[in-house]
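Student: I would like a close look at a single part of this protein. Please take me through it step by step.

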Amino acid sequence: MPKKRKSRGRSKGAKGRDSILYCDGCGRPIPRGKAIRITRPVSIVDPQLRKELEKKGAIIARSYVTKTLCVSCAVYQGVRKVRAREERRTSARR
Ligand SMILES: [Zn+2]
C-alpha cells in the first residue's frame, strides 16, 4: 500500500509521538514522519569549469548535503510539487 506518511498520519497506541526535526529552510519544528529529506550532490567547483576539468581527466570530489525540509519549504524550493487533492492520497515518488 502506498503511504503518504510513515506513520500513516497518526501515532496510535503506545507508539508515542513522532520525534521532532527542524526544517533547514525556515526552522519550523516538524514531525519526523512528515519531514522531507533530500540528499543532493553539491559541487564546489563551477559547473562549467568542472566539465572541462573532467574532460581532461581530473577527478573532483563531490560532497553530498542532506537537507531536512518542511512541506512548504519543499514546495517552495521545487523539491515537491503541489498535487491535486485526489492525487495527494498516493505516496509521492521519491
Ligand atoms: Zn521550512
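Student: Which residues make up the largest nonpolar core?

Tutor: This is a predicted model. The largest nonpolar core has 6 residues: Ile30, Ala35, Leu69, Cys70, Cys73 and Ala74. In general, nonpolar side chains in soluble globular proteins tend to be buried together.

Start with the setting. The protein has 94 residues, and 6% of them count as buried. Its elements are 2 helices and 4 strands. Read from the N terminus, their order is β-β-β-α-β-α.

Now take Ala35, one of the core residues. Leaving out residues up to four places away in sequence, Ala35 touches Leu21, Ile30, Thr68 and Cys70.

Next, Ile36. This residue lies in strand β3, which covers residues 36-42. Ile36 has 19 C-beta neighbours inside 10 Å, so it counts as partly exposed.

Beyond its neighbours within four places in sequence, its contacts are Leu69, Val71, Ala74, Val79 and Arg80.

Last, the whole chain. Take the contacts between residues at least 6 apart in sequence: 59% of them join residues at least 24 apart.

Terms used: Residues numbered from 1 in each chain as written. Predicted model: local features only at pLDDT ≥ 70, side-chain atom pairs only at ≥ 80, totals over all residues. Core = buried A, V, L, I, M, F, W, Y, C linked by C-beta atoms within 7 Å. Buried ≥ 20, exposed ≤ 12 C-beta atoms within 10 Å, placed from the backbone. Contact = placed C-beta atoms within 7 Å.
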